[in-house]
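Dear colleague,

Please find below the structure that I am handing over to you. My notes on it follow, and I would be grateful if you read them with the model open.

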Amino acid sequence: MQDSFDVIVVGSGAGGAPIAHRLAQEGKSVLVIEKGPLLRPHYQVPGERSDFRRDEIYASSAEKILRVPGLANTGVSYYSSHVEPDINDEPHVYKGAKGQDYGTMEGYTAQVVGGGTQLYGSVSLRFTPTDLMLKTFNDDRRSPINNDPNGDVRGEARDWPIDYATLEPYYVMAEEMIGINGTRDNQQKPFSAVKYQKPLKPNPISAFAHDGMVELGKRLGTNIEPYRAPLAVITEDHLSSGRKIPRDASGNPDPESAKTSYVNRYGDPLGLKSSTWVALLSPVMEKPNFSIWPNCVVTHLVSDGAKVTGVRLLDPGGAERFINARIVVVACSAIESVRLLKLSAAADENFDRRINRNPLLGRYFLTHCFGGARALMPKPFDKSKALDADWATDCCATDDFLEANGLWAGAAIYNNTSDQALPLSLFRTYGSQDLDTLWNGFMSATEMRGDKFIDFLDNEFGRGLSISFMANQVPQFDNRIELHPRVKDKWGRPVAYVIKDWHAHDRYLMDVMAQQCGNVLRYGGDPVNHDYPIQGQGSIYMAENALARMANHILGGARFGNDPNDSVLDPQCRAWDFDNLYVTDGAFMPTSGGANPTLTIQANSFRVADHLLSRI
Amino acid sequence: MTVTVFEPGSEYVLNHCTKYLARAGAPPPPNDEAAAEAFRAKIAEAWRFPIIGLMRVADAHPELNLVTFVYKTVAGDTGSIQVLGTFGELYRPIPLQPVMFEGEDTGYRAVSVGIPKAQVHTYKYVLDGHYFVDPVNSQRVTLGNGRVWSRFFTDGYLQPLVLEPWEVRILYRLIEQILPFRGKEAENFLKRYYFGLNREQRKADMPKAFRLDDSVGEVNAIDKLLAREEAHRLTDYRLCLRQIDRVLRRQNPFLDPADTPAEEFVELYEKMAKSHGSGDNPIPGWDYGEYGNPAFFLYILRRHAVTCAFSHPKYAGNVGAAGWAFLSERYSDPATGTLFDWRPAIEAPLGTSPYYR
């Protein structure tokens with residue numbers, strides 16, 4: 001077993017894989033350590049059968065019971081993906097509204113090679129230039145900020161230490177290297193180059209979303225039109241990863257084969273969804289200087305002065321090993337990265353002193369303000385042949401929109417196409433709010449039986465259209481990740497404890513954005529009067545367990561910045577008091593951005609890779 | 001019976017066992033049931049063992065499951081662990097091999113064998129001449145001679161494993177109240193669908209359809225869930241079905257409860273839905289000391305019924321994909337055809353995807 005590498009990357013998802021790829025390409029010896037299994041697409045398996053299956057039980061399992069003692073929801077049912085950690089083994093605990101502790105599925109991306117990029121819907125939006133400079137924008141704004149009586153927003157807003165122009169070339173690189181389809185026109189962000197592949201034809205139900213977004217742009221006075229939501233799914237042969245579109249019987253590429261609603265929460269057996277495994281890691285797997293160790297868990301980082309000397313890990317059999325490295329990159333998703341740093345501090349006084357030079361590690365934990373609206377369209381469509389989203393609009397992300405509405409930050413709005421397209425997903429998400437409440441609505445709707453069961457299907461099957469927004473959450477010092485004082489994982493290590501709340505301005509922002517999403521449906525569903533009836537609109541803060549909700553966008557907790565007293569990481573995502581420790585998953589973000597975060601995490605990781613190449 | 005050993009490789013085994021079996025503490029010593037019980041209780045999904053997988057080569061042996069037995073010991077253990085089961089020759093145990101990671105022993109021992117689908121088998125591990133049940137798998141059966149063996153079943157097994165025949169019959173009637181497959185129109189559809197299957201599928205699926213009497217096999221699939229993934233719910237079924245039997249016998253002393261007229265099942269369903277505990281809309285004849293919350297049982301049953309009717313047919317319900325076909329026929333557009341065209345995404349022979357196997 002090799003025990004020394006130039007670089008160890010902890011985590012194989014969006015934050016880690018771009019660095020591993022670039023450094024391996026440049027001849028550095030790289031070890032990627034991943035807690036989950038390595039499940040391959042069919043073309044990498046002798047016999048061509050992938051362990052990712054188009055099987056609804058793979059996305060959400062049979063019932064399991066939370067048995068961790070002493071939690072307020074001990075004994076509840078939960079249903080998890082085959083590549084999510086089991087919360088009896090490794091729970092995330094959050095503090096509920098009444099101060100009690102609950103176990104939750106929320107806040108895990110996935111534990112598998114590729115991380116969250118195996119299961120995500122693959123929406124790959126850029127942030128806007130304003131997203132990266134919210135302090136400057138709000139300091140200079142003309143209109144007051146609504147629902148912020150104490151001026152928290154101005155006090156807590158931060159500019160990123162890098163601006164959009166610095167990040168932009170790396171967006172281009174990510175869009176090319178990951179393999180993303182979409183359209184550039186109508187996006188309200190500068191592009192120096194367009195590397196998108198051609199999008200597939202949208203699902204016909206999305207026409208309502210398109211028309212509604214056009215009308216919304218008109219009514220807001222900007223005439224900003226929608227664009228095809230960028231999705232990390234290849235539609236053409238992908239040069240940099242060597243992936244090919246399946247060929248039909250005549251030998252022609254068949255990009256439509258990617259279109260299946262077994263997409264969000266499913267690994268792709270065909271490898272067309274651009275997980276970091278198929279896009280970045282498997283293309284370097286044959287290099288002698290690249291290693292990936294799946295099924296291994298890193299327990300601590302070990303330090304000596306300003307150097308992290310390596311990591312301690314448990315191999316698949318549970319044997320403890322120590323591996324040396326010149327550089328250590330932590331990228332195992334924000335909550336787990338913060339946890340790993342805190343566990344390392346608890347075991348090593350030097351590490352503790354250096355990582356906790358200020359009280360910010362774990363603080364300013366962020367997710368997204370998110371929500372939307374849903375309506376039943378006039379007739380059913382075959383939603384089972386869809387990708388996760390078709391249309392997106394930036395009309396609620398412009399500075400003028402923010403000024404006019406007293407908002408501190410904007411949001412991307414897009415339609416979901418694959419949601420509730422498959423039969424079990426329709427039933428198990430009926431009346432449920434999140435991963436913790438799957439099935440509850442259907443199970444207790446006992447009146448829905450026989451004819452009423454048919455009525456429900458007649459009403460809902462293939463007819464649901466939802467519009468979502470993804471917006472910045474106000475950073476708050478008290479929103480944080482700690483080590484839980486009592487609950488331990490299956491290795492006996494304290495689990496992550498999530499403590500967070502929504503700011504009054506967050507709630508206001510979500511109301512404004514949910515109204516815009518509702519309007520997309522009202523306008524799009526009724527081309528004459530623009531008053532189509534919708535089922536509802538709302539946002540996450542209204543959910544019963546709103547404090548748990550994270551949309552699996554887990555960000556912050558180790559933010560980067562220019563001031564060592566106001567951040568955990570320097571502008572290169574290096575821990576301030578360490579020479580060679582980097583954190584590159586969503587934990588680095590000082591603000592959460594007005595869009596799904598994965599592409600930005602990937603772009604930043606490519607940026608840090610360039611920095612690392614300049615020093616080793 | 002000859003059994004073929006396959007070698008899917010260490011990566012396959014580790015990918016399917018590490019998440020569950022890697023944890024603090026030493027594995028139980030062989031043949032120590034108390035230690036095994038304590039070990040098993042901590043494993044989040046012990047039911048996943050042995051691993052019932054698909055054959056790695058997509059086109060070879062569609063009739064087989066790849067069944068992988070995994071035994072956990074400590075790295076370097078030189079003991080030779082073997083598995084003996086009804087799937088192989090009875091007096092010839094099959095040795096498990098060390099599972100390696102980066103050239104080093106992980107402490108896992110494993111062997112993968114091809115076993116026909118729709119079968120049930122019993123097995124034991126053998127070490128130094130001692131025979132003992134699988135410390136991880138909680139499926140057990142007591143044979144006629146009183147000996148306890150470990151049990152597993154492969155995909156699509158059609159005989160009830162844990163439910164009694166009378167329980168199956170009552171369940172069948174209760175589920176009629178929930179799912180739409182027993183209305184006249186739906187029944188006609190199912191008949192047409194099963195008869196319309198191609199010859200090969202008909203050979204495979206018709207017996208199931210007849211056995212299941214115009215359903216899509218939900219009750220059989222529920223039996224499988226209760227035998228394995230949701231064994232923790234078997235008690236709810238046992239206790240509740242006994243109460244239902246009691247209530248129905250009290251109503252109709254001279255009628256087999258499963259033959260109770262449909263409207264009385266409707267009435268019972270409605271009463272159960274309103275009865276959340278003793279004193280809350282009590283159902284005459286129901287012993288709340290035995291099972292306190294009839295509505296809760298309906299909740300479980302609703303989830304199970306729908307899951308089994310619409311999940312992939314490998315779980316033994318949704319026979320021949322009849323549940324999907326029902327949706328596919330009901331929702332269609334005169335111009336474009338069906339609005340639930342599930343086949344192109346699904347593997348052959350069930351579906352028509354040329355790429356996904």
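**Nonpolar cores and the interface**

In this predicted model, Leu301(A) is in contact with Val308(A), Gly310(A), Val311(A), Val328(A), Val330(A), Leu340(A), Leu341(A), Ser344(A), Asp348(A), Phe351(A) and Leu581(A), leaving aside its neighbours within four places in sequence. Leu301(A) also belongs to the largest nonpolar core, which has 189 residues; together with Phe469(A) and Leu581(A), Leu301(A) touches the most other members. Helix α15 of chain A (residues 504-525) supplies the largest share of this core, 10 residues. There is a second, separate core of 87 residues, and its members include Phe456(A) as well as Ile300(B), Trp324(B) and Leu350(B).

I turn next to the interface between the chains. Here 77 residues of chain A are in contact with 70 residues of chain B. The size of an interface is often given as the accessible area lost when the parts come together. For chain B and chain A the buried area is about 6300 Å², and carbon and sulfur atoms give 55% of it. On the chain B side, the residues that lose the most area to chain A are Arg302(B), Tyr355(B) and Tyr356(B), together 12% of what that side buries.

The count between the two chains is 12 salt bridges. Arg233(B) forms a salt bridge with Glu63(A), where the closest N and O atoms are 2.7 Å apart. By class, the side of chain B that touches chain A has 38 nonpolar, 21 charged and 11 polar residues.

Yours sincerely

Notes
Residues numbered from 1 in each chain as written. Chains lettered and ligands numbered in written order. Predicted model: local features only at pLDDT ≥ 70, side-chain atom pairs only at ≥ 80, totals over all residues. Heavy atoms only, no water. Contact = heavy atoms within 4.5 Å. Buried area = accessible area lost by both parts, 1.4 Å probe. Salt bridge = Lys/Arg side-chain N within 4 Å of Asp/Glu carboxyl O. Nonpolar A, V, L, I, M, F, W, Y, C, P; charged D, E, K, R; others polar. Core = buried A, V, L, I, M, F, W, Y, C linked by side-chain atoms within 4.5 Å. Buried < 20%, exposed > 50% of the residue type's maximum accessible area, 1.4 Å probe, protein only. Helix = DSSP H or I, 4+ residues; strand = E, 2+ residues; numbered from the N terminus.
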